Amino acid sequence: VDLEVMHWWTSGGEANAVAKFAEAWTATGNTWVDGAIAGGGDTARPVMVSRIIGGDPPAAFQFNHGRQAEELIEAGLLLDLTDVAEAEGWADIVNPSSLLDACTVDGRIYCAPVNIHSWQWMWLSNAAYENAGLAVPTTWTEFAESAPALQEAGLTPLAMGGQSWQQNGAFGVMALALAGEEAWLSVNRDKNAETVMGPEYTRVFEAFGAAREFSDGLNVQDWNQATAAVINDTAGAQIMGDWAQGEFAMAGEVAGEDYSCLPGLGEVAILDTGGDAFYFPKQDDPEIEAGQKELAAMLLSPEVQVSFNSAKGSLPVRGDVDLTSVNECTQKGLDLLANGNIVPNGESFLAPDTISQLNDLMTEFWNTPAMTAAEVQEQYSDIIASAE
Amino acid sequence: MADVGILAATKAAEQPVAALLDGPRGPKPVRRFSRSNIIIYGTLFVVALYYALPLYVMIVTSLKGMPEIRVGNIFAPPLEVTFQPWVKAWQEACTGINCDGLSRGFWNSFQILIPSVILSVAIASVNGYALSMWKFRGSEVFFTLLMIGAFIPYQVMLYPIVIMLREAGLYGSLTGLVLVHVAFGMPINTLLFRNYFASIPEELFKAARVDGAGFWAIFFRIMLPMSLPIFVVALIIQVTGIWNDFLFGVTFTSSPERYPMTVQLNNIVNSVQGVKEYNVNMAATLLTGLVPLVIYFASGKLFVRGIAAGAVKG
Amino acid sequence: MTISDTRPDAGDRAAARRPSRLFRNLPSKIAMLPLIFTAVVVFLGGTIWTVVYSFTKSGLLPRLSWAGLDQYERLWSSRKWIVSIENLAIYGFFSLIGTLVIGFTLAALLDRKIRGEAVFRSIFLYPFALSFIVTGLVWQWILNPELGLQNVVRDMGWTGFSFDPLNNPDIVMFGLLIAGLWQGTGLIMCIMLAGLRGIDEDIWKAARVDGIGTVKTYIRVIIPMMRPVFVTSLVLIGAGIVKLYDLVVAQTSGGPGISSEVPAKYVMTAMFGGQNLGQGFAASTMMLVMVVIILIPWAYLEFGGKKHG
Amino acid sequence: MTLLNPSVSIKNLDLSFGAVKVLQNLNLDIGDGEFLVLLGSSGCGKSTLLNVIAGLLEPTDGQVWIKGRNVTWAEPSERGIGMVFQSYALYPQMTVEGNLTFGLRNAKVPKAEIAKRVARAAEILQIEQLLKRKPGALSGGQRQRVAIGRALVRDVEVFLFDEPLSNLDAKLRADLRVELKRLHNNLKNTMIYVTHDQVEAMTLADRIAIMKGGKIMQLGTPAEIYGKPQNLYVADFIGSPSMTFFDGTVEGDVIRIPDHDLPLGTYEFSQRPATGRPAIIGIRPEHVMTGDNLRSAPYTAEVTADLVEPMGSDTLVHCAFGGQTMRVRMDGQAQVKPGDRLMIGIDPGAASLFDKETEARL
Amino acid sequence: MTLLNPSVSIKNLDLSFGAVKVLQNLNLDIGDGEFLVLLGSSGCGKSTLLNVIAGLLEPTDGQVWIKGRNVTWAEPSERGIGMVFQSYALYPQMTVEGNLTFGLRNAKVPKAEIAKRVARAAEILQIEQLLKRKPGALSGGQRQRVAIGRALVRDVEVFLFDEPLSNLDAKLRADLRVELKRLHNNLKNTMIYVTHDQVEAMTLADRIAIMKGGKIMQLGTPAEIYGKPQNLYVADFIGSPSMTFFDGTVEGDVIRIPDHDLPLGTYEFSQRPATGRPAIIGIRPEHVMTGDNLRSAPYTAEVTADLVEPMGSDTLVHCAFGGQTMRVRMDGQAQVKPGDRLMIGIDPGAASLFDKETEARL
Ligand SMILES: Nc1ncnc2c1ncn2[C@@H]1O[C@H](COP(=O)(O)OP(=O)(O)OP(=O)(O)O)[C@@H](O)[C@H]1O
Ligand SMILES: Nc1ncnc2c1ncn2[C@@H]1O[C@H](COP(=O)(O)OP(=O)(O)OP(=O)(O)O)[C@@H](O)[C@H]1O
Ligand SMILES: [Mg+2]
Ligand SMILES: [Mg+2]
């Protein structure tokens, strides 16, 4: 059957990864109709939702893990995949199991998770530190201490792009690393505004305020331009998810030699488990429905997981597959995953609306030097307090 | 007595030397570089530079290779002219897994453009004609409503329109998309046509009515043949708007195979890849802008004339 | 005189009766159906729909779950919304003034019987044919400090030269303005030029006999005479300002921080980024209210003042 | 011309634009084959009335009858009228022939018939050699001829003209005026003609209707209107240069105006006013006698020429008389200079007398 | 008026628009305080000449002198001229006062002086009570008065008028014409006045220049122009209705035209043509004698009235004579109907004779 799949994976590596799905799907004698829309979720989501509301949905579409699709499920617009999940034994193979929880509403499963991405990384340029005559830091604390020296050497200690999600994301990473898992869960999962005002988080806000100073002097918009500054050794480090590794790889850099990576900022060895999942809108045509289920099963099949995640640079959602050749950093990630040093992705706790508010707040703070850490802390707690 | 003047005249004619002596004659000598000329042409030139610069940058960049772009400055002409970016933009750039560049959407854009432009210009011209010559009670109210519609951002209307089209059973069809373009092009075009027809002498209309021509006969036989300039204006505005549209094209098309060219452009330009391929971006941009640009340059003076009739009066 | 009594005629009787109001001018009404439909169903209907749903808690999908004025309270307590409005005001003000001034100045210069008028006119107008996505992209690039203008000037020797509007929250709106004006002034110039050509030449002669300088004649005499032209221009510019969205997305994505957010983008982010339709609808309702407040005086001038024409 | 069977008949016509009443309870019967001129100053409603007759404007109230049919609600093309406009209103993109035949083709008249009618109209108007040209390539006079031709081919009973000549220059106007008169003499159609040019009105009309503010002030033959204006407005309006008016009081057989008592011996009163009644006397410049004619004048006076306007065929002299500037029309050869004294004579028989209050003719 | 010291003097003026020669080697001296009217049909270059004098157009060659100064290259505002336009060209957004004072304020004339001049102009033109209004709230005549006022306050020696009255209706035109004449009598400025209305030209002018195709065909007093046109063009152009022309041959003391031999006894030849020379005789309608005057006619004939145009003060009769339609002007009271036979008399002394070839007056 012809299945139209919508997604916003259009960059080189991403498109490559999608191609793996498509190849596998075509190999089963079906047709993959590719509906790629670049510009990220904000551009693609209105199109997907419009198509669903308009009654002419694609056969499958990509959303991030989390609560983005909750309403669609509640409105009964998405296909129930529980029978596929049971047949394939997803409950046993998906690791961490929280990924499946995010797909589950009232005990029914509505999505097929395909990969794991984690935000909890800091990437450092070894050459930059060498040039400045410094040792490469191994923790955030060391990084913060060495930052002034780096600045004196004419380098930007911390590369940060201009978009709000990058700044809020980096804050999330620092919160988990510096305030610890307990406080982080209390804020994100339990929406406890008091924790935000507590001592653990106060430390995070102060560190974040310091980080703002570390990023002076580099004005870039896109995250990969910030990564490029680390690759070119003009910046010391960047806090960014594991997808940044693709950029290092493309530039021909080698983990450990040219760059270092610190999961959990080197403070707390823990990863969050975000990622992408596919959803399947309900269709009238039983043939298509069958195809949708077939596709869902295929997405989680071991071979497809390996080929897809190798191309995308993400981790597979099944614990029972081996990625062929992995570098030092990926191995660190896999180890943490295997050891269960993981928390769910922040987005699976917070509604998109809340995230969008936090994005705005953090980017405002980042770009308003006059705004103090205490002020932003206060506003942060307000947003958490009003979050659903 | 009459002869005195003639006499004086003959005298003057007989004394060309004397005439030469008594000061300036003929046109005031113009200094080519008079102050006002320097100011006028200087200003125009500088401003023209500001307007032409981006086009220049686009063209120059689209002809450079990536290495040259990285080292050189954006205004420098290409050391080595390469058409590779154009080729890539046209038929190699990837959209998701389809790597056939803009060419994929080019004909789709035409398929959307042609019916949309024809229909919207046709409807807007009839609207303008009715509004200026066949007013009826309430016609101005509807027109005012329509004009307020010109101020509504498209994005705001997205969901209501999706729902309307769904209810009409047109969602996802070309007809639906064309209707959306027609609706959103209607305010400004109706305004232009209305003003244009209002500037046509009323007596012409009356004469035709006495001659027994009805609503449509007057429109087709009398008004249409004299409205070329305003049609050119409407055509340009609509072609530009519809060709450049991204949101409607992507939202109201049911299959990726039928996406307009702007979707590919968006994908090429907005895909976050290692380094932005500026040369390909620019080539794609130029290729996409080509159709409106060609139509605009081809129309030349008619555009200004149409504007004069459609925007100034009324 | 009672001629009708002497010659009763059925056909004449029919013609003598005043026809029903609904069927008078029927072809015109039929021809206007598309307009009426668009105005009432699409624009008015869509607007009402939007306003209604702005009072709900709609998230990703429109749902009639009432939220009272919550969305509006949230809207007006949002810094981003306030910043958006301020930005739009700044952009609108300067864009309006800038477009009118530049458009008029260029038109006036072109009207001075200069050589190569057609060439200049084409150069000024061509950006109008390009989409905002393209405009934003090109200008983002030219204004990029590492690649564009700043870099070029520095390469020429002025190493201290700094021009980086898109990354400076204080002047980022002016970075947008540079691109916005580039795209939009051409059309206005055309309209102004047409308007200037329509001015009675005797006025110019009268002013010259009175010894009024050219610039002063423009300011004191010609501009006040071009009211209808300015009205049309205002409508066009105004509609463009309110809808400002693509350019921002293409050039700055609202950054740095939230310093170049605009209402239309707020709406979009709320609706599709934040998946809070109700919030987006509330914001767009507020935009509409502002538009209507601005438009009512105009509509009054256009339709209330003179009854025909 | 019998008004028992009028060609066009307007009954109790009212027309308002919003709150502005443009025509008020207007009644008018126009005879078969009559040439009626609507004359009045700008904005008095002439064009409006013509448009109502043509069916191009809807009356607020009242009826329009043409040829015994109530056409109040009929389409313009069904009324049996042809119309000629001031601005010609030719269809610019059609040839002259196209312009002439447009209405006929609309009405699906057979080809042969169309050709016949066009040939006839072209011959009458002498525009045969223009048939293939477009209006843009015609002079003003030729355009107006084509516009008349367009009405002509429709073969209608009633022609409506809305200031057809006022866009032409003086010479052409005079020529076309004569042609129009000839045309009417040949065709004998009913013609309703709007103008604000008195000369046109006087020379063309069988009857003139003088309008003011949407009402008809006087309806009559040119001679009646000129010689016996029924009220002050008409008296002032007709005649160029117009009458000189003197305020006075009727005292038996004289009217007493400042410095002069003019005898009213031969004046034909329609109603003789009481003695002491304030009245106005109006005297036309050409009715002031000078030179040889003085002998027959019932009243003479000496005046000083103040301003002299030679107009070629005659000369207009302005002089002070009875507290007014009186205009006197003299022969074109008259040699008068400002400051000259001259004798003038006044014949009240040719003058017009109006009640000061009602402004109606006495 | 001495042309040794002319107020405005045009010397060898040429003007072309591209290849089109609009004015050709034009010479014209205008006396101090003279009222000169430029008369000619549309497109003959009247406005162009006026604009050159005003400095609004640059001549291709030649000079313009005003008050003994060569102003060929001077700015319009420096030439000591004021100009009044057909379309009034008032500044619409300024009050009447603003319109009058705009130029003066710009020239930094002292406030008191401005006030004085405005007061004077307003008094002369009787627009005192309009000073605070905007042009939009004025009638046509009032607007034209303000436009004249704007020239007046400039306190200049030379006034230029470009068809100032042609946008007004007939009545107003006659009134303002008289006012203009008065104004000139009072102010004694030099005035150059463009029109294509003959009556205006005849009544206003001290001298008239008849233009055709950028050349002056005749320059002279109204009486000269009217009575002794120097060529066929002027003869045909002046007079409304115009002369009737007959082709003929001069045979000794008669001119032989179809069916008639008209005696030329009293005609004042400027140059007597050879016998047998083809010539054209033009006869003005008012010089055709009827009724009582017939007795003094050197030549009489009986004709049939063909078309009668009553014009109030006189009546125009068209009749066939000598193979042409001759126009005859009769008294307003004349009772002639088409078809009537009437006797007419012709006095060649008042007629004009032209050489057929050169079209110059004989
Ligand atoms: N469409 C309209 N709406 C409102 N008022 C109108 C309209 N048309 C005409 N009028 C008014 O009606 C009156 C009569 O107009 P009309 O055109 O009949 O005058 P007219 O006698 O033909 O004048 P003119 O000699 O200038 O043509 C005028 O006062 C005019 O302002
Ligand atoms: N700017 C111009 N370019 C080219 N030809 C021109 C221009 N202005 C005037 N002409 C031509 O010069 C000739 C004289 O024009 P001008 O305006 O002086 O005529 P006019 O005698 O004033 O006529 P009217 O009585 O119609 O005002 C005309 O044939 C006209 O077409
Ligand atoms: Mg009228
Ligand atoms: Mg002229």
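## Chains that stay apart

No contact joins chain A and chain E, and their closest C-alpha atoms lie 49 Å apart. Chain A and chain D do not touch either. For that pair, the nearest C-alpha atoms are 48 Å apart. This is a predicted model.

## Chains that meet

Eight pairs of chains touch. Which pair has the most contacts? The answer is chains B and C. On one side, 94 residues of chain C take part.

The area buried between chain C and chain B is about 8100 Å². Carbon and sulfur atoms give 80% of that area. Three residues of chain C supply more than any other three: Phe43(C), Tyr126(C) and Trp141(C). Together they supply 10% of the area that chain C buries against chain B.

## Transmembrane regions of chain C

An unreviewed UniProt entry places the feature "transmembrane region" at several spans of chain C, including residues 30–55 and 217–242. The record also lists residues 88–111, 123–142, 171–196 and 281–301.

Take two of these spans. Residues 30–55 of chain C are 88% helix and 0% strand. Their end C-alpha atoms lie 36 Å apart. Residues 217–242 of chain C are 96% helix, again with 0% strand. Here the end C-alpha atoms are 33 Å apart.

## Chain D as a whole

Chain D has 362 residues. How many helices and strands does chain D have? There are eight helices and 20 strands. The C-alpha atoms of chain D fill a box of roughly 75 × 45 × 35 Å, taken along the principal axes. Buried residues make up 58% of the chain. Now take the contacts in chain D between residues at least 6 apart in sequence. Of these, 66% join residues at least 24 apart.

The accessible surface of chain D is about 14300 Å². Carbon and sulfur atoms account for 48% of that surface. Chain D carries 40 positive and 42 negative side chains. The centres of the two sets lie 8 Å apart.

## A recorded domain in chain D

An unreviewed UniProt entry places the feature "domain: ABC transporter" at residues 8–238 of chain D. Over this stretch the chain is 37% helix and 27% strand. The end C-alpha atoms of the stretch are 25 Å apart.

## Two residues with positive phi

Most residues other than glycine have a negative phi. Asp233(A) has a positive value, near 65°. Asp233(A) is found in the loop between α12 (223–231) and β9 (235–239) of chain A. Its relative accessible area is 23%, so Asp233(A) is partly exposed.

Glu163(E) also has a positive phi, near 45°. Glu163(E) lies in a loop of chain E, between β7 (158–162) and α5 (170–187). Is Glu163(E) buried or exposed? Glu163(E) counts as buried, because its relative accessibility is 9% and the cut-off for buried is under 20%.

## A strand residue in chain E

Glu302(E) lies in strand β16 of chain E, which covers residues 299–310. Glu302(E) has a relative accessible area of 47%, so this residue is partly exposed.

Which residues does Glu302(E) touch, not counting those up to four places away in sequence? They are Arg341(E), Leu342(E) and Met343(E). Ile344(E) is 42 residues from Glu302(E) along the chain. Yet the C-alpha atoms of Glu302(E) and Ile344(E) are separated by 6.2 Å.

Definitions and conventions:
Residues are numbered from 1 along each chain as its sequence is written. Chains are lettered from A and ligands numbered from 1 in the order in which they are written. This is a predicted model: local features need pLDDT of at least 70, side-chain atom pairs count only at pLDDT 80 or more; totals for chains, interfaces and linings use all residues. Side-chain values use heavy atoms; hydrogens and water are left out. Helices (H or I, at least four residues) and strands (E, at least two) are DSSP runs, numbered from the N terminus. Buried means under 20% relative accessible area, exposed over 50%, partly exposed in between (1.4 Å probe, protein chains only). Contact means heavy atoms within 4.5 Å. Accessible areas come from the Shrake-Rupley method with a 1.4 Å probe; for residues, only the protein chains shown count as cover. Lys and Arg count as positive and Asp and Glu as negative; His and the chain ends are not counted. The place of a charge is taken as NZ of Lys, CZ of Arg, CG of Asp or CD of Glu. UniProt positions are given in the numbering used here, feature names are shortened, and annotations may be inferred rather than shown by experiment. Buried area is the accessible area (1.4 Å probe) that two parts lose on being put together, summed over both.
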